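Please look over the sequence and the model shown here. A short report on selected features comes after it.

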Amino acid sequence: MKLKSLLASMLIVGLWTAGNAAAIITLDNSGATSVQQQSATPCIFGGNNCNNPLGFGFTDVSSFDNDGTVTLLEGLSPFYTVSQISSLLGSRLFSVGIDTNQSSGGAEPRQLLHSFEMLVGGISTQSYFGPTYINIGANGTGWSDAMLNGFSLEGLAGATTIQFRTHYSNATNGTDAMFLTSAIPEPETYAMMMAGLGLMGWVTRRRKLSAA
């Protein structure tokens with residue numbers, strides 16, 4: 001029975017992964033979009049400065065990257081459920097904010113994000129792989145310096161377990177934080193929206209001129 005249950009779980013996750021293959025995780029490293037970490041945007045990795053709602057835990061990485069000696073960190077978040085995440089964010093589509101805590105003076109090695117993954121039932125389903133240097137902007141102020149965009153929980157049962165795995169290096173100037181936020185469109189998406197609105201306006205004017 002245990003084997004059948006395991007195979008059934010793997011089949012469900014496999015089908016869901018195939019159906020969400022279009023959910024490509026991208027890194028917005030421009031710093032153009034900055035989100036504040038607060039109760040409605042809870043930490044999944046962080047330290048004492050994280051402001052999380054009661055019952056929404058996070059992995060405390062302060063003992064690893066607080067003194068500037070960490071060269072490599074691989075960590076797993078606590079387990080969450082789809083319902084827990086979606087009810088808090090108000091959506092099944094979300095992004096992950098990265099608040100780096102690093103000096104911008106140039107004397108320290110730049111922080112590298114090697115990978116970030118979302119695990120469904122223990123299986124990695126949506127991921128970003130670098131290594132990529134992370135933007136230094138807010139520098140530990142509680143606002144994101146970079147955003148991982150494109151995560152989706154669509155099609156998953158509310159009780160499905162979700163976990164996150166991160167892998168980064170060169171955290172040098174204090175505790176970093178990674179936190180969930182409702183989906184943030186990429187800058188290119190904003191540009192497409194503006195272009196679409198402009199096109200709609202042009203069509204409307206043409207129709208008015210034709211009617212006149």
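Predicted model: local features only at pLDDT ≥ 70, side-chain atom pairs only at ≥ 80, totals over all residues.

Strand 2 covers residues 43–46. Strand 2 pairs with strand 11 in the antiparallel sense, over two bridges. In this pairing, Cys43 stands opposite Phe179 of strand 11. Strands of a sheet pair through backbone hydrogen bonds, in either a parallel or an antiparallel sense.

## The disulfide

The structure holds one disulfide. Its partners are Cys43 and Cys50, with sulfur atoms 2.1 Å apart. The link is left-handed, at -85 degrees about the S-S bond.

Both cysteines fall under the 20% cut-off for buried residues. Cys43 has a relative accessible area of 0%, so it counts as buried. Cys50 is at 15% relative accessibility and therefore also counts as buried.

Met178 sits in strand 11, which spans residues 177–182. Met178 is buried, with a relative accessible area of 3%.

Which residues does Met178 contact, leaving aside neighbours within four places in sequence? The list includes Pro42, Cys43, Ile44 and Phe45. Val96, Gly97 and Ile98 are also in contact with Met178.

## The salt bridge

Side chains of opposite charge can pair when their charged atoms come close. The count here comes to one salt bridge. Arg165 forms it with Glu117. Their closest N and O atoms are 3.0 Å apart.

Arg165 lies in strand 10 (residues 161–169), and Glu117 lies in strand 7 (residues 112–120). The pair therefore ties together parts that are 48 residues apart in sequence. Are the two partners buried or exposed? Arg165 counts as partly exposed, at 29% relative accessibility. Glu117 is buried, with a relative accessible area of 9%.

Definitions and conventions:
Residues numbered from 1 in each chain as written. Heavy atoms only, no water. Salt bridge = Lys/Arg side-chain N within 4 Å of Asp/Glu carboxyl O. Helix = DSSP H or I, 4+ residues; strand = E, 2+ residues; numbered from the N terminus. Buried < 20%, exposed > 50% of the residue type's maximum accessible area, 1.4 Å probe, protein only. Contact = heavy atoms within 4.5 Å. Pairing = 2+ DSSP bridges. Disulfide = S-S within 2.5 Å.
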